[in-house]
Amino acid sequence: MPPSLFAIARGCLDAATPEAKVAATFAAGESFARGECTIPSDATPPEPIRMPGRPARPRLVAPRDLPKRGFGTDEGRAAFIHAIAHIEFNAIDLAWDAVYRFRGLPDRFYSDWVGVAVDEARHFSLLRERLRELGHDYGDFDAHNGLWEMAEKTAHDGLARMALVPRVLEARGLDVTPGMIARLQGVGDEATVAILELILREEVAHVAAGSHWFRWYCERAGVEPGPKFRELLGEYARSVLYGPFNLQARSEAGFDDGELAMLEAFIAN
């Protein structure tokens, strides 16, 4: 029998080094594309959520304990690139956890999130190589665990996961990346700019996948997406939702005009 996609996803989650996680993700993506794994239809419950495999470094600290560094030095830019690489490393696990955790869904759901996992592994690899060019590596700077904490909070509910991880936390990248690109251009770091421009283009599609599946879950549950999104923001996201918003990118990623207005009103209150 071909291996289960759920078992493959669990293996990617458990991989504990960056090299192992990236290699397992690329191999899994290729296997899935060739039709060499099955998506079981019995919807067997997943294991309770736990910390995915990760290296001993970076040390995880509270966001407030991370020092602020400028872009004017190689070390400052390396710390910034490390922070983005850490987000991408976590995003690999977030995509695989969606594949592993939420069962009995259309095949396209799994195809979408396997594709996202592969993209995130590629993004991480590009950023790690750039870090090395600057004399550093992943793990050299402290980081925080906010993305995975939201995964833990939404493990019980695919609708909440689709609303809050892609459409709140990952969508934050759509808002802030253009400004980061401008700052890096200002110091002449075109190599990092090229990586961030690629990531920004591809992250629009990732957030769009979250928008699609959030609305799919809402339709299945018989609830209106707008009010439900507002409810979930109030329950989970008051401390992690910030403006200003990149309205054009968010529109391309599946936010309608009502949701964009709601986001701006939410942070104004």
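**View A. Helix 1 and helix 3 cross with left-handed geometry.** In a left-handed crossing, the near helix is turned anticlockwise from the far one by less than a right angle; clockwise is right-handed. The model is predicted, so local features need pLDDT of at least 70 and side-chain atom pairs pLDDT 80 or more, whereas totals for chains, interfaces and linings use all residues. Residues are numbered from 1 along each chain as its sequence is written, and side-chain values use heavy atoms, without hydrogens and water. Helix 1 covers residues 5-14 and helix 3 covers residues 74-101; helices are DSSP runs (H or I, at least four residues) numbered from the N terminus. The two axes come within 8 Å of each other and cross at roughly 150 degrees. Axes are lines fitted to C-alpha atoms over the stretch in contact, with angles from 0 to 180 degrees between N-to-C directions. Helix 1 and helix 3 are therefore roughly antiparallel (under 35 degrees is roughly parallel, over 145 roughly antiparallel, 65 to 115 roughly perpendicular, the rest oblique). On the side of helix 1, the contact (heavy atoms within 4.5 Å) is made by Leu5, Phe6, Ala9, Arg10, Cys12 and Leu13. Helix 3 contributes Asp93, Trp96, Asp97, Val99 and Tyr100 to this contact. The contact of helix 1 with helix 3 contains 8 nonpolar residues, no polar ones and 3 charged ones. Nonpolar means Ala, Val, Leu, Ile, Met, Phe, Trp, Tyr, Cys and Pro, charged means Asp, Glu, Lys and Arg, and the others, Gly among them, are polar.

**View B. Helix 2 and helix 3 are oblique to each other.** Helix 2 spans residues 18-33, and its axis comes within 11 Å of the axis of helix 3. The two axes cross at roughly 45 degrees, and the crossing of helix 2 and helix 3 is left-handed. From helix 2, Pro18, Lys21, Val22, Thr25 and Ala28 meet Phe89, Ile92, Asp93 and Trp96 of helix 3. In the contact of helix 2 with helix 3, the residues comprise 6 nonpolar, 1 polar and 2 charged.

**View C. Helix 3 and helix 6 are roughly antiparallel to each other.** Their axes cross at roughly 165 degrees and come within 12 Å. The crossing of helix 3 and helix 6 is left-handed. Helix 3 makes the contact through Ala91, Leu94, Asp97, Ala98 and Arg101, and helix 6 through Arg161, Met162, Val165 and Glu170.

**View D. The largest pocket holds about 1700 Å³ of space.** On a 1 Å grid over the protein atoms alone, a pocket is an open set of points with protein on both sides within 12 Å along at least five of seven lines, a cavity is a set where a 1.4 Å probe fits but cannot get out, and lining residues have an atom within 4 Å of a point. Points are joined across faces, edges and corners, and a volume is the space filled by probe spheres set on them. The largest pocket is lined by 45 residues, and Leu66, Ala83, Ile87, His144 and Met180 lie nearest its centre. Two or more lining residues come from each of helix 3, helix 5 (146-153), helix 6 (158-170), helix 7 (172-186) and helix 8 (190-221). Helix 3 gives the most to this lining, with 10 residues. The lining of the largest pocket comprises 24 nonpolar, 9 polar and 12 charged residues.

**View E. The largest cavity has a volume of about 80 Å³.** The structure contains 2 cavities of 30 Å³ or more. Lining the largest cavity are Ala91, Leu94, Ala95, Ala98, Trp113, Val116, Glu120, Arg161, Met162, Val165, Pro166 and Glu170. Helix 3, helix 4 (107-133) and helix 6 are the elements that give two or more residues to the lining of the largest cavity. Helix 6 gives the most to this lining, with 5 residues. The lining of the largest cavity has 9 nonpolar, no polar and 3 charged residues.

**View F. The second largest cavity has a volume of about 30 Å³.** His86, Ile87, Asn90, His144, Gly146 and Leu147 form the lining of this cavity. At least two of the lining residues come from helix 3, and at least two from helix 5. The largest share, 3 residues, belongs to helix 3. The lining of the second largest cavity has 2 nonpolar, 4 polar and no charged residues.
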